[in-house]
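Let's take a friendly walk through a structure, looking at how its parts meet. Have the sequence and the 3D view ready.

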Amino acid sequence: MRVGRIYRFEASHRLYTSALAEEENEEVYGKCANEGGHGHNYELVVLFEGEPDPLTGMLFDRLQVDRRVEECLISKVDHRHLDDIIDEVTTGENLALVFRRWLEQEFAGGPQLVSVELVETPRNRFVAS
Amino acid sequence: MSATSRLRILRTVRFCAGHRYHSEALSEEQNREVFGACNRPHGHGHNYRLEVGVEGPVDPVTGMVINLADLDKLLRQIVVEKLDHSFLNYDLEYFTDVIPSCENIVRYLWSVLEQPIAELGKCRLSLIRLWESEDLFAELEREPTQ
């Protein structure tokens, strides 16, 4: 049995790396490299796996998990500039991997994390499993 | 990919139902503590969205895994007519001693849909994903056969 919980946050970022020249950044990242950055309404699908507790009928306590995700992740990124927080280029790929790492650490003692999917826009989804 | 490749199709149906989280094994106070607002005596409800995955070989003549009209009829009879505008705790015997959590409704739906779908042909039920709201879903998926 798997249970997915969806969280939302709003943040800005800019796709840019100092390893490349200005011109190369523009070439690789296009308008995503615009100097002032831009933002998204991100969605995060956190997927857990296991057997529901026979007493409560639930795989996990929603409110408790919500609180933990809020503390270890959402509060750190909501209404922030992601490049200030994350050392790597803030592509959907890297963000999904970083968030998966954070959540893995937070839920090391359970419930069992299966995957983290970052939805940047309805057209761009990144799954770290 | 060959003509006999297995393929999964997903069909979505919706139903609105009420439920309450309450366990006889717990005291009134413990119920309130564990289930919070979900334990309020008269329950609450959701607009459920159910995704049903059916897999099987693509019929070389019809080009279909399953006739969607047959699947729709089955989903209407087994899911919508039974669950839509019901109060799950009282209206479904299955939930007499089982809390109708999203997880347990998924188990119930699997148990009532598996056999009738298998009887429709060479296909079989492969996924039940139930969205309780835009923020929560539970799912059961058939293990891939070796």
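## Strands that pair across chains

Strand E1 (residues 2-13) of chain A is joined by four bridges to strand E5 (residues 136-141) of chain B, and the two run antiparallel. Strands here are DSSP runs of E with at least two residues, helices are runs of H or I with at least four, and both are numbered from the N terminus; two strands pair if DSSP finds at least two bridges between them. For one bridge to look up, B:Phe137 in E5(B) is the partner of A:Gly4.

This is a predicted model, where local features need pLDDT of at least 70 and side-chain atom pairs count only at pLDDT 80 or more, while totals for chains, interfaces and linings use all residues. Residues are numbered from 1 along each chain as its sequence is written, with chains lettered from A and ligands numbered from 1 in the order in which they are written.

## Where the chains touch

Contact between the chains involves 13 residues of chain A and 16 residues of chain B (C-beta atoms, placed from the backbone, within 7 Å). E1(A) gives the most to chain A's side, with five residues.

## Two helices in chain B

Helix H2 (residues 68-83) and helix H4 (residues 102-118) of chain B pack with their axes 11 Å apart, at an angle of about 150°. That angle makes H2(B) roughly antiparallel to H4(B) (the term covers angles over 145 degrees). B:Leu74, B:Ile78 and B:Val79 of H2(B) make the contact with residues of H4(B) including B:Leu109 and B:Pro116.

Technical notes
Contact = placed C-beta atoms within 7 Å. Axes fitted to C-alpha atoms, helices over the stretch in contact; angles between N-to-C directions. Parallel < 35°, antiparallel > 145°, perpendicular 65-115°, else oblique.
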